[in-house]
Number of protein chains: 2
Amino acid sequence: MTELRPTEDTVSLARRREADDPSSPVARFGTDRALMLDAGVAIAPWQIAYQTYGALNADKSNAVLVCHALTGDQHVGNTHPVTGKPGWWTSMIGPGKPIDTDRYFVICANVLGGCLGTTGPASTNPATGKPYGLDLPVITIRDMVRAQAALVDSFGIGELFLVIGGSMGGMQVLQWAASYPERVFACLPIATGPRHSSQNIAFHEVGRQAVMADPDWRGGRYLDFDVSPRKGLAVARMAAHITYLSEAVLHRKFGRRLQDRDKPTFGFDSDFQIESYLRHQGMTFVDRFDANSYLYMTRAMDYFDLAADHGGVLANAFKGTKTRFCVMSFTSDWLFPTTESRSVVHALNAGGASVSFAEIVTDRGHDAFLLDEPEMFKIVNGFIASAARARGLKEGAR
Amino acid sequence: MTELRPTEDTVSLARRREADDPSSPVARFGTDRALMLDAGVAIAPWQIAYQTYGALNADKSNAVLVCHALTGDQHVGNTHPVTGKPGWWTSMIGPGKPIDTDRYFVICANVLGGCLGTTGPASTNPATGKPYGLDLPVITIRDMVRAQAALVDSFGIGELFLVIGGSMGGMQVLQWAASYPERVFACLPIATGPRHSSQNIAFHEVGRQAVMADPDWRGGRYLDFDVSPRKGLAVARMAAHITYLSEAVLHRKFGRRLQDRDKPTFGFDSDFQIESYLRHQGMTFVDRFDANSYLYMTRAMDYFDLAADHGGVLANAFKGTKTRFCVMSFTSDWLFPTTESRSVVHALNAGGASVSFAEIVTDRGHDAFLLDEPEMFKIVNGFIASAARARGLKEGAR
């Protein structure tokens with residue numbers, strides 16, 4: 001009988017070290033710079049871990065903020081300190097890439113509630129000297145953006161040239177445009193929506209229940225006992241991972257093909273390739289991610305509802321905005337279908353905003369934004385070039 | 001913190017009694033009537049629990065076999081002995097209903113591998129005197145049908161007038177047509193397909209891993225310890241339940257509405273109605289279903305691939321069939337989308353079979369077949385009336 005049997009190893013120990021003392025640069029904010037949260041509580045001290053690429057120009061007009069997705073982090077363009085793998089968006093960001101680090105100063109920060117150096121449930125609670133666990137207030141997308149704004153302040157940057165991100169990152173992009181319209185010249189939300197749907201919440205709730213059903217979760221205090229709800233988190237990841245892919249891509253990649261054999265085993269081992277693939281996804285995830293952070297990230301996405309925050313009218317979130325938008329979706333994304341992107345576009349149109357919209361034809365589902373999608377790169381390239389001209393950024397100049 | 005905290009109660013004790021000595025009639029087969037399984041092993045003795053409604057006519061030509069879905073059972077038209085709820089298809093079956101018990105003799109049997117009286121993992125293994133657990137060989141859809149054929153034999157019925165069922169029940173319908181073409185006059189597979197897709201297998205694998213990750217599963221031997229993997233099974237049910245509904249119906253029924261309050265709690269309780277609904281689905285399921293049976297049922301569906309069993313050509317499964325078919329799907333069913341039904345229709349057409357096909361417009365998703373869908377009833381009515389005429393069954397006569 002093959003169960004999910006992940007084993008604690010050096011990888012996850014490395015990850016646990018990253019929570020308080022990350023290998024990334026960290027901006028620390030003391031009790032005089034408390035962060036007020038939507039939950040109605042302030043946290044202090046707090047910190048935000050980030051990576052930068054490229055150089056900030058003299059008038060600080062070439063800064064690009066990249067917002068990461070649910071299980072992403074600040075390591076967008078460098079080798080990951082825990083997994084040793086390449087950054088999660090090296091196809092998009094780097095010298096000569098659509099977001100050209102020879103030209104732009106790119107910032108990517110671990111989100112509030114994360115587990116790689118920004119204050120989150122795995123961070124030490126200054127009041128107790130122990131990990132926060134669930135004593136950290138629930139975080140919202142707006143809180144994440146508020147924390148990022150403080151980081152951007154610390155660089156002395158007034159207006160960001162571009163804010164870009166996919167999925168939960170795209171939610172942050174939209175929130176930036178709504179919270180700080182005067183600080184965002186251009187923004188590019190990808191594979192996202194203005195709110196989390198009922199079905200999206202449902203899948204997240206399954207994931208949370210899988211984590212909390214694991215006896216090693218221990219009411220969220222597992223770090224105190226040097227354990228973690230690895231099986232529960234792996235199941236959560238497996239369920240979520242299905243939603244990141246389309247039926248078509250699963251069929252193309254795995255179909256009903258068996259794992260290294262001709263005939264089924266008539267047992268409960270990984271008979272099918274798709275089973276083995278999913279188990280692998282679950283098991284590798286638990287090494288690099290904190291289970292409580294997973295609860296906080298999913299909750300933040302569930303709570304996201306830009307229209308509700310603006311009297312029920314999405315257009316009000318972007319009223320009178322001068323920001324230029326490029327909204328992008330993928331045909332086979334059933335987690336954030338094109339209808340969600342269209343509702344953003346309609347709201348922007350209603351306010352007379354500058355917006356372009358692209359629906360990219362692909363069978364790769366939601367995760368397409370992380371993959372090699374030439375059409376996506378072309379559109380990002382074009383949008384950035386046009387925005388750069390409008391912003392007066394000279395070709396090749398800093 | 002609200003966790004899934006189902007409590008063992010009288011309901012599930014009643015269910016456990018049903019495994020060996022059900023309140024339904026039971027056909028028992030001794031060692032002289034061993035059942036050969038696709039796994040290559042024979043089981044004996046074995047038993048099959050069933051319910052019947054209406055009366056068999058003199059020439060035994062009015063028998064209808066109803067095949068139940070993954071978590072269904074034989075209690076299609078009577079009060080359920082464990083939950084006390086009405087039968088699962090009382091809208092379809094009963095006096096004056098589309099399957100009219102004043103006219104037809106309806107049989108519904110608990111499937112092989114089930115937990116309500118037919119031999120399954122919760123049944124006592126005659127070799128050990130303890131529950132089978134995972135010592136029962138893995139069951140296939142063909143094995144279920146083989147067992148049903150033995151039950152039909154025991155009634156002295158040669159040819160069934162109709163075999164009908166939805167989802168996993170529909171798989172059995174297709175398998176009946178393939179295994180015993182001369183014993184099925186008409187068949188009506190609903191919301192099903194000729195094989196389980198990669199995405200379908202993926203969701204089932206998540207459910208199985210959720211069950212097996214629960215320490216109370218104990219390698220499948222939980223009944224020996226008088227425990228059961230209730231939290232794991234509840235998570236499995238929650239994940240599966242999402243796939244039974246459409247995004248549209250979730251939006252219509254729940255949307256982003258909060259549970260009995262105006263503002264989110266900023267915690268991990270059931271804030272949203274959809275969360276509370278799913279938790280309820282998970283918790284009530286564990287009272288009436290055996291966790292190992294869930295593993296066996298999902299595996300049987302995953303293994304189902306009619307084309308593969310017939311040299312890779314689905315049409316070969318129905319070659320030369322005289323059975324009349326009515327194939328039905330629902331527009332919003334993303335678990336068994338219409339394309340799956342169409343592939344069955346194409347295969348039947350290729351062989352020149354008598355087949356009609358209906359795709360019913362509804363936003364209720366896969367579970368529509370269990371609900372009050374007037375269009376479905378109308379089509380079933382019409383198909384049965386036409387088949388009855390062809391079979392020479394007189395109106396109102398037995």
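Modeller: Start with one side chain: that of B:Ser332 reaches the backbone nitrogen of B:Gly365 at 2.8 Å. A polar contact is a pair of N or O atoms within 3.5 Å; within protein, one must be able to donate a hydrogen and the other to accept it, and residues adjacent in sequence count only if both atoms are side-chain atoms.

Biologist: What should I know about the model and its numbering?

Modeller: This is a predicted model, where local features need pLDDT of at least 70, side-chain atom pairs count only at pLDDT 80 or more, and totals for chains, interfaces and linings use all residues. Residues are numbered from 1 along each chain as its sequence is written, chains are lettered from A and ligands numbered from 1 in the order in which they are written, and side-chain values use heavy atoms, with hydrogens and water left out.

Biologist: Where is B:Ser332, and is it buried or exposed?

Modeller: Helices (H or I, at least four residues) and strands (E, at least two) are DSSP runs, numbered from the N terminus. B:Ser332 sits in the loop between β11 (324-330) and α9 (338-350) of chain B. Buried means under 20% relative accessible area, exposed over 50%, partly exposed in between (1.4 Å probe, protein chains only). B:Ser332 has 15% relative accessibility, so it counts as buried.

Biologist: Which residues is B:Ser332 in contact with?

Modeller: Contact means heavy atoms within 4.5 Å. Leaving aside neighbours within four places in sequence, the partners of B:Ser332 include B:Ser246, B:Thr362 and B:Asp363.

Biologist: How do I read a nonpolar core?

Modeller: In soluble globular proteins, nonpolar side chains tend to be buried together. A nonpolar core is a set of buried Ala, Val, Leu, Ile, Met, Phe, Trp, Tyr and Cys residues joined through side-chain atoms within 4.5 Å. Here the largest one has 208 residues. A:Trp176, A:Phe318, B:Trp176 and B:Phe318 have the most contacts inside it. Beyond four places in sequence, B:Phe318 touches residues including B:Leu174, B:Phe325 and B:Leu348.

Biologist: In what order do the eight strands of the open sheet in chain B run?

Modeller: Two strands pair if DSSP finds at least two bridges between them. The order is β1-β4-β8-β5-β9-β10-β11-β12, with mixed pairing. At the edges are β1 (26-29) and β12 (354-360) of chain B, each pairing on one side only. β1(B) and β4 (residues 46-53) of chain B run antiparallel, joined by four bridges. One pair of bridge partners is B:Ala27 and B:Ile48.

Biologist: And strand β11 of chain A?

Modeller: β11(A), residues 324-330, is mostly covered, with six of its seven residues buried. Three bridges join it to β10 (residues 184-190) of chain A, in parallel. Seven bridges join β11(A) to β12 (residues 354-360) of chain A, also running parallel.

Biologist: How is the size of an interface given?

Modeller: It is often given as the accessible area lost when the parts come together. Buried area is the accessible area (1.4 Å probe) that two parts lose on being put together, summed over both. Chain B and chain A bury about 5,000 Å² between them, 68% of it on carbon and sulfur atoms. B:Arg256, B:Phe266 and B:Phe268 supply 17% of the area that chain B buries against chain A, more than any other three residues.

Biologist: Which residues does the cis peptide bond in chain B join?

Modeller: It joins B:Ala44 and B:Pro45, with omega about -15 degrees. B:Pro45 is in the loop between β3 (42-43) and β4 of chain B.
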